[in-house]
Every structure is written in C-alpha cells, then in structure tokens.
Amino acid sequence: MAVYTHLGAEDLARLIGEYDVGSLVMAKGIAEGVSNSNWLVETTGSGGSGTRFILTLYERRIDYADLPYFLGLLDHLAAKGCPVPRTMHDRDGASWRMVEGKAAALIEFLPGVSPTRPTPTQARSIGAVLAGLHLAAADFPQTRANAMDFAASAAILDACGAAALETIDPALPAMLDHARVAAALDLSALPQSQTHTDLFPDNVLMLGEDVTGLIDFYFACTGPMLLDLTVTHAAWCFDAANAYRADCGVALIDGYQSVRPLTPEERALFADVAKGACLRFVASRAEDWLDTPDDALVTRKYPMQFAQRWQFYHDHGAALLAG
Ligand SMILES: Nc1ncnc2c1ncn2[C@@H]1O[C@H](COP(=O)(O)OP(=O)(O)O)[C@@H](O)[C@H]1O
Ligand SMILES: N[C@@H](CCOP(=O)(O)O)C(=O)O
C-alpha cells in the first residue's frame, strides 16, 4: 500500500488547478511503492501537456532540500532524450509545492510495466540505457552526496548490532565485518556522474524489450558510475531462487559497454564494488526488518537475499569481466 495521506477530491482538484494541465478528470491511488503516496491522475489536458500524470506526495526518507536535485535531474535527463519522466512546473515555475504540510510533485506518466523475470535482451537494454543516463548526466550542474554509501551501510549494520542481526539470520552478523572492509575501499580513481543507485526492475518500465521509463530517483546521487552498474547487475541478474543468471549478467554488461566502455580501474574494482552494493541493501533491509512491526502493511524485504549475492560476487565477481 502506498497512499499514506488522504487527499479529498477538492484538495486534488485545487492542487491540479495550480498547473497548466487542464482540470482533474480522475485520480486513483497507486498500491505499488513503499516510501511515498502516489496517485495516477488524469486531466482534460492543456497547452500540449499530456493528460496522465503521477502525483507524488513525499512521505518519508526524503529531505526536501534534495528535491531540486531529484526533480532537476529528471528534467535534465528528459531534455537529453533519456526515458525518464518530466516534471510538471506549476504556474509559478516551481517543480514541487506544499500540500497538507508535505511536498508534492506532478510528474509525467510513462507507459510500460516492470519486468518480473527480465530476459537477457531486456537486461542488455537496461545496461545501455543506464550508460546513456550516466553520459547525459555528466554536465548536470547540481551534486548530491550518497547518503547510502559504503560507510553508511557499515554504520547502519553497526547500529543494528550483531545480536539483533543474528535474530534475522545467524549468517548476518558477518556482513558487518564485510561492510567495514567495503567502507575502507578507495573509489577515488573511478569516473563519476549522477547515478540512480536503486535501479531494480520495479523502478524500470518496459514495453517488450524497450525501456520506456526509469522512475524513483529518490536515492540518486553524485558518485562512481560503477556503483550504479553493480547495483543494477545485482538487482537484475539473479533468479527467484537467488541463482546467478549469467545470460542476463553478460547481456547487461555488454549493453552498458556498448554505450560507455568501462575503464581499467572500473574493471579491476568491479567485484569489490558489487560486494559493497550488495551490503548497501543488506543494511537498509536489515534496518527495516528490525524496525517494521510484524503486523505492518508494508512488505519487508529479506536482507539475506543480498547477503547471498554478496557471497556470489566474493566467489565469482572477479571472473565476470575476464576476457
Ligand atoms: N512516471 C511514472 N509513470 C508511470 N508510472 C509511475 C511513474 N512513477 C511511478 N509510477 C508508478 O507508481 C509506483 C510507485 O512509484 P515509486 O516511485 O516506485 O514509489 P516509492 O518511491 O514509494 O517506491 C510504481 O511502481 C509505478 O507503478
Ligand atoms: N530497492 C530497494 C528498496 C528501495 O525501495 P523503493 O521502493 O524506494 O525502490 C531494495 O530492494 O531493498
């Protein structure tokens, strides 16, 4: 469930009235997502604007000071032809405004569905699109530090504590030591850009083999492009039983390199950065697991899934870019 705030018909109509998009025809809460409240909104249309939009009310984990970065990045990438939603600007030119004490943004609706079992061709497509995003974002004038970098992952696991981690799975406390190793990695030789850092299949819309939308940029930040590639690799290239899908892994990296070849430094650090990427999701999932009551409506994500992927990169990561 992801409508945390109730907005009445009059509130929604008043809000839509602040934009040059015609008047409200329909608004329907969207069940998917966990962080924000989202509505699919349809309007009568005006001035060349489409008639379908996503209205997002930012509920948690978002510092409003970051909204100009997130929303500005979407507009920058959309202007360069990347498949990301444009943001609608209200009549004052603002890309977000306050409603019921919360920040709200009206965002272009993009067609497509998120793949549940990506094919190698889809993995190749997302690799190429990710590399295109990195190139297009290189001259974006704003920056944002990664609040979920490897040091943050280690700090989160540390704060959870080994005893609590053990209640989730006896193998989890060992991840704390691995996270400390990742936090000490020197990533300064890696080329940087603006990065999505959460490009799981549920944050990608596709029609067949074509990527029609990258969404949910609320972990986007300035950092090593390799980290973004490894997050995407770890999120797309394992099956439901958590077995590595080499066909997707090879296709994703090939697709990426068809647009931006990796540097020797990136190739050398691929396995270590992939392990750090896995630990980032072990950490946030473990924290959520311990913080979320058993009867909460939100579905908890299992930290061990990414602990097992960490093990895969530990054992086989160095061989993935060989040859
Ligand atoms: N621009 C968009 N176009 C089409 N659907 C979208 C768009 N943005 C979000 N959605 C839909 O809303 C859902 C939740 O959005 P998301 O940003 O992932 O929420 P959360 O941040 O709460 O996880 C997505 O799964 C998708 O179905
Ligand atoms: N992709 C992360 C969770 C982030 O949640 P989102 O709904 O904001 O994408 C994970 O799988 O742990």
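Me: At roughly what angle do the axes of helix 4 and helix 9 cross in this predicted model?
Reply: In this predicted model, helix 4 covers residues 150-160 and helix 9 covers residues 264-291. Their axes come within 9 Å. The crossing of helix 4 and helix 9 is left-handed, and its angle is roughly 35°.

Me: Which residues of helix 4 meet helix 9?
Reply: On the side of helix 9, the contact involves Gly276, Leu279, Arg280, Ala283, Ser284, Ala286, Glu287 and Leu290. By class, the contact of helix 4 with helix 9 has eight nonpolar, three polar and two charged residues. The residues that helix 4 brings are Phe150, Ser153, Ile156, Leu157 and Cys160.

Me: Is the crossing of helix 3 and helix 8 left-handed or right-handed?
Reply: Helix 3 spans residues 120-137, and helix 8 spans residues 246-259. The two axes come within 7 Å and cross at roughly 30°. The crossing of helix 3 and helix 8 is right-handed.

Me: How many residues in the contact of helix 3 with helix 8 are nonpolar?
Reply: Helix 3 contributes residues including Ala123, Ile126, Leu130 and Leu135. Helix 8 contributes, among them, Cys248, Ala251, Leu252 and Val259. Beside six polar and three charged residues, the number of nonpolar residues in this contact is 13.

Me: What covers the buried residues of helix 6?
Reply: Helix 6 runs over residues 173-183. Its buried residues include Met175, Leu176, His178, Ala179 and Ala182. The cover over them includes helix 4, helix 5, helix 9 and helix 10.

Me: What distance separates the centres of domain 1 and domain 2?
Reply: The domain assignment of the chain gives domain 1 as 9-108 and domain 2 as 120-319. Their contact takes 17 residues from domain 1 and 18 residues from domain 2. On the side of domain 1 that touches domain 2, the residues divide into twelve nonpolar, three polar and two charged. Taken over C-alpha atoms, the separation of the two centres is 27 Å.

Me: Which residues are the closest to ligand 1?
Reply: The shell around ligand 1 draws at least three residues from each of domain 1 and domain 2. Its residues divide into ten nonpolar, six polar and four charged. Of the 20 residues that surround ligand 1, the closest are Glu32, Gly33, Ser35, Pro85 and Asp216.

Me: Is Asp216 buried or exposed?
Reply: Asp216 lies in the loop between strand 8 (210-214) and strand 9 (221-224). Its phi is near 60°, a positive value in a residue other than glycine. A residue counts as buried if 20 or more other C-beta atoms lie within 10 Å of its own. With 20 C-beta neighbours inside 10 Å, Asp216 is therefore buried.

Me: Is Thr167 buried or exposed?
Reply: Thr167 has its place in helix 5, residues 162-168. The C-alpha atoms of Thr167 and Leu290, 123 residues apart along the chain, are separated by 9.2 Å. Thr167 has 12 C-beta neighbours inside 10 Å and so counts as exposed.

Me: What distance separates the C-alpha atoms of Asp315 and Ala271?
Reply: Asp315 is found in helix 10, residues 303-316. Asp315 is exposed, because 11 other C-beta atoms lie within 10 Å. Asp315 and Ala271 are 44 residues apart along the chain, and the separation of their C-alpha atoms is 9.1 Å.

Terms used
Residues are numbered from 1 along each chain as its sequence is written. Chains are lettered from A and ligands numbered from 1 in the order in which they are written. This is a predicted model: local features need pLDDT of at least 70, side-chain atom pairs count only at pLDDT 80 or more; totals for chains, interfaces and linings use all residues. Domain bounds come from an automatic or database domain assignment. Two residues are in contact if their C-beta atoms, placed from the backbone, lie within 7 Å. Ala, Val, Leu, Ile, Met, Phe, Trp, Tyr, Cys and Pro count as nonpolar, Asp, Glu, Lys and Arg as charged, and the others, Gly among them, as polar. A residue is near a molecule or strand if its C-beta atom, placed from the backbone, lies within 6 Å of it. Axes are lines fitted to C-alpha atoms, for helices over the stretch in contact, and angles run from 0 to 180 degrees between N-to-C directions. Helices (H or I, at least four residues) and strands (E, at least two) are DSSP runs, numbered from the N terminus. A crossing is left-handed if the near helix is turned anticlockwise from the far one by less than a right angle, and right-handed if clockwise.
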